Amino acid sequence: MQTALSIAMDALAYGMALFIICIGLSLTICLMRVVNLAHGAFAMIGGYIASYAVRDLGLGYGFGIILAMIGTVIIAVPVERLLYRRIYDRSELSQVLMTIGITFCVIGITNYFFGPTLKTIPLPAELARSVDLGFRSIAGHRLFVIASGLVVAGGLWFLIERTGFGINLRAAVENAPMARTLGIRTEIIYGLSFALAIGLAAFGGVVGAEFLPIEPYYALRYMVTFLVVVSVGGAGSIPGALAACLLLGAIDVTARYLVPDFGNFFFYLAVILVVCAFPRGLMGRAQ
Amino acid sequence: MADTIKVGIIGPFSGPFALQGKNFQAGAEAWLAQNGKTVAGHDIELVYRDLPTANPQQARALAQELIVRDKVQYLGGVYFTPDAMAITPLLKQGNVPLVIFNAATSAIMTSSPLVVRTSFTLSQTTTPLGKAAVERGVKTFVSIVSDYGPGVDAEGAFKKAIAAAGGDVKEAIRIPLNTTEFSPIMQRIRDAGAQGVFAFLPSGPPTLGFVKAFSDTGLKKAGVKLFAPGDLTQESDLPALGEAAAGLITSFHYAVSHESEINKRFVAAAEKAIGAPDLVSFPAVGAYDGMFVISKMIAATAGKQDAEKAVEAVKGLGWESPRGPVKIDPETRHITQTIYLREVAKDAQGRWINKEIASVPEQKDSGLTK
């Protein structure tokens, strides 16, 4: 029982870290109809910025997170204007080619300037401490990740369902020409959503760095995991992405405990089963 | 007139393992910087070929290209075992010896008589670890290795060493190579109730994640002892590992902090070649000694291309390496060397190092003696 609870905590933390990183990707794919394979690259950029801010400049962890999110968005905005804007209405193939190209560029640039070694983001004392939950002690950082995941999920739901921006965004997604006729500036809406998605990626990259260490090949190494989570959850659905992350996180962590020799077998088996049963993902909407 | 003798070096100079390739280059360049570019009146020219990840077909193609088009007389380098295995069948036909700077599976040496190795094997570095662990009062172990050739070698060697020393490996777990989230594994260790853990994973994100998880999940605090070959604590990762790795006991053939005059000079030259002091790691010493072996081969054959004679000439060759006294075992052509037990600790300047605490001299590759 203790072991089961213990695995459940690990699964929850891992799933939440995946959720924070992937929810932005899910939003870009569904809302903006861009298959952004470079999403992981932005998570990694966030990680590098936070690592530099906390480790080399000695700033606090919180500052590191804020700087990472702002810095990554600042880097991403010109990329969106110059590159992404050209592919919004193009075929998925061009989108995949363009974004995977961006991924390779980012890998090359990071490798050249920062070298192939791992970058860590030192945790503040409060998060590095282990917290006794009664049945086991867990690193405080994991509780922080779980809490962050919940805040992100709630915040996004509120933003999309309950605010004026959310209404405009949903309108732009449903019927862009009509939304434009009604005076909604879809370009600005798209730009802001993209910035939001990238900011979340950076946030996820930083808080998830203990699970998915920051290094130049980050984007490529975890690309499949990120895409799988989005497709299992159903693109654009916040509860779907949350469910997918928790389900896949649980299966992955449990399989790794019980049958480590099987590698990712059960993870992908689950993916195949879910995709067969729910072709649009757990909670994807009909197109 | 002096000939130019070309040496082809194959390694991961780009990609996720570029650091190891850079160390090949740093080691080779350091040797040339200290000994000059001519041997017995012949100029040496290094030709580098990039092989970013383990890829046997490409390794074979690169070696073939080096032999046929670039007309190299010697091949060196090779980071991964499968790549080395793909190259060895070409050696006889091409009349070219291969000096391995890293690839560490025992079986490579049996695949061609024209291979010489200046690195180490997992069996060689792991064997003394079992004895040392039991001597420290740790009797029951869980072994965790990455599920690939060297991992299986390490597991086998450790089990054998533990059995010989009177300890017990309760559970042997193999995990996928790309694992980076280790909490479930840590829970497995906790449930197994062993006093010690033996772990081998290749340097990089997995080792960082493993050592951190070991510390974060409270196993380290609970008094479980972690033993590993030096791959887990290669010097370039130590700044990132920091406190989490403190006190970890590893066994390896080389520590950058090894105390000797010759090592100091080697490290200075390698740092200069690699461009940054904290990037020097163990593949550099394999390359440095590899260049020494190649220079002896060139001298013995008077610059002529004769692979058999060249290899024959270095069998039994002994010298003082930056890692200590070494010798090429005439039977296996693998390097015989001192294996050190090290503990992760801070040096006088406050930098994390692998501090040598004991040495086991003249270790051959136990993986080849059945």
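A: The lining of the largest pocket holds 21 nonpolar, eleven polar and four charged residues, where Ala, Val, Leu, Ile, Met, Phe, Trp, Tyr, Cys and Pro count as nonpolar, Asp, Glu, Lys and Arg as charged, and the others, Gly among them, as polar. Please keep in mind that this is a predicted model, in which local features need pLDDT of at least 70 and side-chain atom pairs count only at pLDDT 80 or more, while totals for chains, interfaces and linings use all residues. Residues are numbered from 1 along each chain as its sequence is written, chains are lettered from A in the order in which they are written, and side-chain values use heavy atoms, with hydrogens and water left out.

Q: What volume does the largest pocket have?

A: Its volume is about 770 Å³. A pocket here is an open set of points on a 1 Å grid over the protein atoms alone, where a 1.4 Å probe fits, with protein on both sides within 12 Å along at least five of seven lines, and lining residues have an atom within 4 Å of a point.

Q: Which residues are the closest to its centre?

A: Of the 36 residues that line the largest pocket, B:Phe17, B:Tyr79, B:Phe80, B:Pro202 and B:Ser203 are the closest to its centre.

Q: And what about the second largest pocket, how much space lies there?

A: About 580 Å³. The second largest pocket has 23 lining residues, and those nearest its centre are A:Ala128, B:Lys212, B:Ser215, B:Asp216 and B:Ala244. By class, its lining has nine nonpolar, six polar and eight charged residues.

Q: Switching to the rings, how many aromatic pairs are there over all chains?

A: The count is 31, with rings of Phe, Tyr and Trp (its six-membered ring) pairing if their centres lie within 6.5 Å, and planes under 30 degrees apart counting as stacked, over 60 as edge-to-face and the rest as tilted. In one pair, A:Tyr84 and A:Phe194 have ring centres 4.8 Å apart and planes at 50 degrees, so the pair is tilted.

Q: Are those two buried or exposed?

A: A:Tyr84 and A:Phe194 are both buried, meaning under 20% relative accessible area, with exposed being over 50% and partly exposed in between (1.4 Å probe, protein chains only).

Q: Which rings on chain B form a cluster?

A: Ring pairs join B:Phe17, B:Phe24, B:Tyr79, B:Phe80 and B:Phe101 into a cluster.

Notes
Points joined across faces, edges and corners; volume = space filled by probe spheres on them.
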